[in-house]
Amino acid sequence: MKIKILIVDDDIALSQEISKLLKRHHYDVQTASLLQEATEKLGNFTPEIILLDLKLPDGSGMDFLKKVRNKSPETMILILSGYGTISLTVDAIKNGALNFLTKPVDPDYLIITLEKLIEQKQLHHRLLVQELEIADRRKMVMGNSKKMKTLLEKCKTAATLDTTILLTGETGTGKQLLAHYIHQNSKRSHYPIVYVNCANLSEQLLESELFGHEKGAFTGAHRQKLGRVELAKKGTLFLDEIGEISLNLQSKLLHFIEYGEFQRLGGNQNLHSDARIICASNRDLEDEVKKGNFREDLFYRVNVINLTIAPLRERREDIPVLIQYFVSKFGQELGKPHCHISDLVVEKLCQYNWPGNVRELQNSIERAMVFCKTQQLTENDFQFFNVRPISQTDKIFKPQSLKKAIDDFKKEFIHKLLEENGGNQTKVARILEIQRTYLNRLLRELNTESS
Ligand SMILES: Nc1ncnc2c1ncn2[C@@H]1O[C@H](COP(=O)(O)OP(=O)(O)OP(=O)(O)O)[C@@H](O)[C@H]1O
Ligand SMILES: [Mg+2]
């Protein structure tokens with residue numbers, strides 16, 4: 001996408017000359033010889049850079065400068081300074097102009113100044129994005145099962161396209177990791193991948209995260225803010241937990257996916273971004289469509305390529321590889337590089353069902369290695385060997401009513417799941433495939449009955 005420059009000067013010959021020069025350097029240029037015209041272009045052309053003369057027939061460039069700074073502080077302003085306007089130019093810089101050029105404008109100097117400015121801006125932009133990025137580029141996608149190999153091949157093919165991708169899979173299967181893998185294997189990898197979790201924010205905040213807001217759009221919007229769709233320009237936008245988006249925002253997202261066009265909250269300009277979209281969901285979106293919670297048209301738009309990651313229990317061949325990978329990774333991180341795990345324990349871990357998938361496996365290994373006193377991980381270092389299969393059956397085998405046995409099992413099972421998911425009831429309800437409110441009631445009942 002070309003960078004847009006607006007030249008505001010009543011010297012039409014000069015404007016034309018600069019305009020031609022800039023167009024030759026592949027900028028998108030428009031001119032205005034009056035402030036009124038410039039103000040209109042601000043709205044419909046939305047320049048990224050303005051070259052501004054300070055003395056115009058219908059008013060002072062300084063007022064215009066202040067207006068632009070106030071309305072869209074991201075816009076970069078360079079002053080075109082004529083003879084006798086030096087002190088004015090200094091004032092303009094104090095008011096937020098970035099630099100000045102003296103007339104007549106030297107073409108080489110102009111081009112270099114612009115390039116420097118843009119470079120600085122991009123650097124700033126990248127730093128901003130890095131803060132947002134939760135990518136850990138050193139992370140590798142492990143797995144040599146047939147399922148995983150096929151999936152990774154598909155990811156590589158999908159990476160070469162700009163099509164929207166939907167990643168589905170149970171919690172902890174690696175959706176986020178794969179989103180990064182796809183981005184890294186795409187031609188967009190030199191640009192950012194920007195993350196948005198659609199589950200954690202209120203509708204208004206999510207909209208402002210996604211599309212940005214103008215100053216004063218809502219209480220607390222003290223300044224203009226860029227949306228993540230903008231920060232993801234030329235790169236990838238990763239929309240996690242897409243199933244949680246409200247119907248109202250779904251329609252705005254659909255419009256963006258279809259036309260690459262959006263408006264900031266409180267704004268009325270149509271802005272553009274060419275970000276490639278990857279979505280993830282651990283809900284069955286087709287089901288959500290049936291229930292009326294998810295727009296069907298949006299579903300078809302995001303589901304152009306659907307990649308599903310199998311739960312770990314359906315690709316057990318990956319377990320030993322993952323174990324070795326995590327043992328060596330945490331060995332490095334925890335300063336226990338010689339810590340290892342016996343084949344017998346690996347075998348046992350392969351039989352376990354891993355409801356929290358790779359995340360649970362990773363956490364278990366980390367926990368075991370933190371507490372392990374020797375160089376070798378044993379069964380005792382993995383809590384669930386002791387807790388789940390053995391103690392539960394023990395309890396069930398006690399002579400007691402069937403109801404009590406079932407309740408005991410339920411209680412222990414749910415508590416364990418909660419523990420593994422950091423107490424996140426929404427997540428646990430999803431794993432259990434029950435409503436969150438029902439989980440809540442269940443917990444209350446179980447806790448009062450059996451204690
Ligand atoms: N194949 C894999 N190789 C290495 N690490 C993996 C693999 N799959 C998952 N992980 C690790 O497991 C953890 C969970 O993965 P991730 O966050 O991508 O899961 P998710 O599917 O997004 O889960 P959720 O639905 O709960 O958000 C991460 O730390 C990730 O790096
Ligand atoms: Mg995730």
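In what hand does H2 pass H3? The crossing of H2 with H3 is right-handed, a hand assigned when the near helix is turned clockwise from the far one by less than a right angle. The structure is a predicted model, in which local features need pLDDT of at least 70, side-chain atom pairs count only at pLDDT 80 or more, and totals for chains, interfaces and linings use all residues. Residues are numbered from 1 along each chain as its sequence is written, and side-chain values use heavy atoms, without hydrogens and water.

H2 and H3 (residues 61-71) pack at an angle of about 15°. Their axes lie 11 Å apart. Axes are lines fitted to C-alpha atoms over the stretch in contact, with angles from 0 to 180 degrees between N-to-C directions. Helices are DSSP runs (H or I) of at least four residues, and strands (E) of at least two. Leu35, Ala38, Thr39 and Leu42 of H2 meet Gly61, Phe64, Lys67 and Val68 of H3, contact being heavy atoms within 4.5 Å. This contact has 5 nonpolar, 2 polar and 1 charged residues. Asp, Glu, Lys and Arg count as charged; Ala, Val, Leu, Ile, Met, Phe, Trp, Tyr, Cys and Pro as nonpolar; the others, Gly among them, as polar.

H17 (residues 402-420) and H18 (residues 425-432) pack at about 130°, with axes 9 Å apart. The two helices are therefore oblique to each other. Their crossing is right-handed. Phe413, Ile414, Leu417 and Leu418 of H17 face Gln425, Val428, Ile431 and Leu432 of H18. Here 7 residues are nonpolar, 1 is polar and none is charged.

The largest pocket has a volume of about 1,500 Å³. A pocket is an open set of points on a 1 Å grid, with protein on both sides within 12 Å along at least five of seven lines; a cavity is a set where a 1.4 Å probe fits but cannot get out; lining residues have an atom within 4 Å of a point. Of the 47 lining residues, Glu48, His125, Leu226, Glu230 and Lys233 are the closest to the pocket centre. H5 gives the most to this lining, with 9 residues. The lining holds 14 nonpolar, 15 polar and 18 charged residues.

H15 (residues 357-371) gives the most to its lining, with 3 residues.

Notes:
Chains lettered and ligands numbered in written order. Parallel < 35°, antiparallel > 145°, perpendicular 65-115°, else oblique. Points joined across faces, edges and corners; volume = space filled by probe spheres on them.
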